[in-house]
Amino acid sequence: MTTKGFFKKFASWHLWGNLLAMAVIVILLFWGVTYALQLYTYHGRSVEMPDITQKSYEQAEATLDSLDLTIEVSDTGFIKTLPADCILEQSVPAGDVIKPGRVIYVKINSAHSPLCPIPDIADNSSLRDAVTKLESIGFTRIGVESVPGEYDWVYRVKSRHRILQPGDMLSTEDTLSLEVGDGTRDPAVAVQMTTAPVDEFTDDDDEVKKPRPRPKKKDDDDGEKRPEPKPAPVHTAPAAPAPAPAN
């Protein structure tokens with residue numbers, strides 16, 4: 001190819017048209033990616049987090065939706081003085097400046113108190129340990145009933161006149177009654193003592209007199225008594241004749 005031909009092809013509109021199209025595509029891609037990132041990250045936009053605690057879930061959802069925020073329930077609690085579905089806690093404190101589109105996690109008030117299992121405290125712990133275990137899982141209404149037994153020892157756990165077993169589910173608002181020993185012995189428990197027979201001793205050698213068993217008579221198979229055997233007859237030799245007198 002000659003130099004003239006090379007410059008002729010270089011100056012062709014087809015080549016410059018392709019280069020111009022490629023440049024336009026690159027510019028459009030760069031602009032599109034930048035715009036998409038701004039939309040995704042809400043570049044240059046921010047909102048102030050409102051206080052939605054003690055509001056109903058519907059009111060909180062409407063408030064956050066107007067700010068382009070999303071609400072989601074993460075946990076439940078129970079406060080007797082507040083209505084059900086009331087917002088108790090929010091993940092973002094009120095007054096913080098955040099980006100729109102953020103998810104706000106909230107804790108709402110339950111309609112009833114939570115159910116908790118009864119721990120293994122009956123006949124297994126003292127009064128102090130039992131109260132500590134119950135309070136740690138949410139039980140606050142705990143009564144004590146004294147019963148005969150070992151002092152300060154928990155024998156039973158009751159609620160509404162029902163004896164509870166470990167693992168029974170009960171509301172933390174229910175009242176528990178602990179049967180605790182008062183340090184006295186239960187009169188219903190009888191102590192059985194066995195006494196050995198008194199041995200009789202002789203004055204001479206202090207030996208124990210043991211009664212001798214009486215001889216039993218042997219009976220026949222039909223229940224009749226067997227005759228006692230007679231003594232065998234004794235055979236004696238005849239006496240020798242006396243010697244004749246001498247003349």
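Biologist: How many salt bridges does the count come to?

Modeller: Keep in mind that this is a predicted model, where local features need pLDDT of at least 70, side-chain atom pairs count only at pLDDT 80 or more, and totals for chains, interfaces and linings use all residues. Side-chain values use heavy atoms, with hydrogens and water left out, and residues are numbered from 1 along each chain as its sequence is written. A salt bridge here is a side-chain nitrogen of Lys or Arg within 4 Å of a carboxyl oxygen of Asp or Glu. By that rule the count is 5.

Biologist: Which residue forms a salt bridge with Glu173?

Modeller: Glu173 sits in the loop between β10 (169-171) and β11, and its partner is 32 residues apart from it, in the loop between α4 and β7. (Helices, H or I with at least four residues, and strands, E with at least two, are DSSP runs numbered from the N terminus.) The closest N and O atoms are 3.7 Å apart, and the partner is Arg141.

Biologist: Arg160 forms a salt bridge with Asp174; how far apart in sequence are the parts that this pair ties together?

Modeller: The closest N and O atoms of Arg160 and Asp174 are 3.1 Å apart. Arg160 lies in the loop between β8 and β9 (162-163) and Asp174 in the loop between β10 and β11, so the parts tied together are separated in sequence by 14 residues.

Biologist: Is Asp174 buried or exposed?

Modeller: Buried means under 20% relative accessible area, exposed over 50%, and partly exposed in between (1.4 Å probe, protein chains only). Arg160, at 69%, is exposed. Asp174 has 14% relative accessibility, so it counts as buried.

Biologist: Which residues are linked in a network of salt bridges?

Modeller: Start with the salt bridge between Glu145 and Lys158, at 3.5 Å from N to O. That pair joins strand β7 to strand β8, 13 residues apart. The network links Glu145, Arg156, Lys158 and Glu179.

Biologist: On to the helix: which strands do the buried residues of α4 pack against?

Modeller: Helix α4 (residues 127-136) has Leu127, Ala130 and Leu134 as its buried residues. Seen down the axis, they fall within an arc of 65 degrees (taken from the directions from the helix axis to the C-beta atoms), so they line one face of α4. On the other side, Arg128, Glu135 and Ser136 are exposed. The buried residues pack against β7 (142-147), β8 (154-159) and β11 (176-181).

Biologist: Which residue just after α4 takes a positive phi?

Modeller: The phi there is about 115 degrees, and the residue is Gly138.

Note on methods. Contact means heavy atoms within 4.5 Å.
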